[in-house]
Amino acid sequence: MPPTSPTDEEIRAQGLLVVEQFQACAAAPDDLEAARAVEEGLARLDALLREGAAAS
């Protein structure tokens with residue numbers, strides 16, 4: 001079965017998660033774990049957006 005493209009809801013949820021992660025990072029700028037979470041969240045959002053664009 002071929003992989004399915006992400007839903008709008010999946011993309012929206014990941015975008016909101018990234019916003020929350022950025023807020024946590026801004027609240028604790030020296031927290032390297034928070035910075036890593038932002039990087040991972042952005043990478044996941046980027047992947048979702050690319051998958052969605054490729055499916056269009």
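Student: Experimental or predicted?
Tutor: This is a predicted model.

Student: OK. How many helices and strands are there in the protein?
Tutor: The protein has 2 helices and 0 strands.

Student: And the radius of gyration, against a compact globule of 56 residues?
Tutor: The protein has 13 Å. A compact globule of 56 residues would have a value near 10 Å.

Student: What does the C-alpha trace span along its principal axes?
Tutor: About 45 × 15 × 15 Å.

Student: What share of the residues is buried?
Tutor: Buried residues make up 20% of the 56.

Student: Switching to charges. How many positive and negative ones are there?
Tutor: There are 4 positive and 11 negative charges. Their mean positions are 4 Å apart.

Student: Which residues of helix 2 are buried?
Tutor: A34, V38, G41, L45 and L48 are buried in helix 2.

Student: What covers them?
Tutor: The cover includes helix 1, residues 8–27.

Student: Let's look at helix 1, then. Where does Q14 sit?
Tutor: Q14 is in helix 1.

Student: Why does Q14 count as buried?
Tutor: Because its relative accessibility is 12%, and buried means under 20%.

Student: What does Q14 touch, beyond residues up to four places away in sequence?
Tutor: Q14 touches G41, R44, L45 and L48. Among these, G41, L45 and L48 are buried residues of helix 2.

Student: What about Q21, buried or exposed?
Tutor: Q21 is also in helix 1. At 16% relative accessibility, Q21 counts as buried.

Student: And which contacts does Q21 have, leaving aside neighbours within four places in sequence?
Tutor: Q21 is in contact with A37, V38 and G41. So G41 turns up for Q21 and for Q14, given that contact means heavy atoms within 4.5 Å.

Student: Next, F22. Where is it, and how accessible?
Tutor: F22 is in helix 1. F22 is partly exposed, with a relative accessible area of 43%.

Student: Which residues does F22 touch, not counting residues up to four places away in sequence?
Tutor: V38 and L42. V38 is one of the buried residues of helix 2.

Student: How far is F22 from G41, C-alpha to C-alpha?
Tutor: Their C-alpha atoms are separated by 9.5 Å. Along the chain, F22 and G41 are 19 residues apart.

Student: Last one, A53. Where is it found?
Tutor: A53 is found in helix 2. A53 is exposed, at 54% relative accessible area.

Student: How far apart are A53 and A26?
Tutor: A53 and A26 are 30 Å apart in space, C-alpha to C-alpha. In sequence they are 27 residues apart.

Definitions and conventions: Residues are numbered from 1 along each chain as its sequence is written. This is a predicted model: local features need pLDDT of at least 70, side-chain atom pairs count only at pLDDT 80 or more; totals for chains, interfaces and linings use all residues. Side-chain values use heavy atoms; hydrogens and water are left out. Helices (H or I, at least four residues) and strands (E, at least two) are DSSP runs, numbered from the N terminus. The radius of gyration is taken over C-alpha atoms; the globule rule is 2.2 Å times the number of residues to the power 0.38. Buried means under 20% relative accessible area, exposed over 50%, partly exposed in between (1.4 Å probe, protein chains only). Lys and Arg count as positive and Asp and Glu as negative; His and the chain ends are not counted. The place of a charge is taken as NZ of Lys, CZ of Arg, CG of Asp or CD of Glu.
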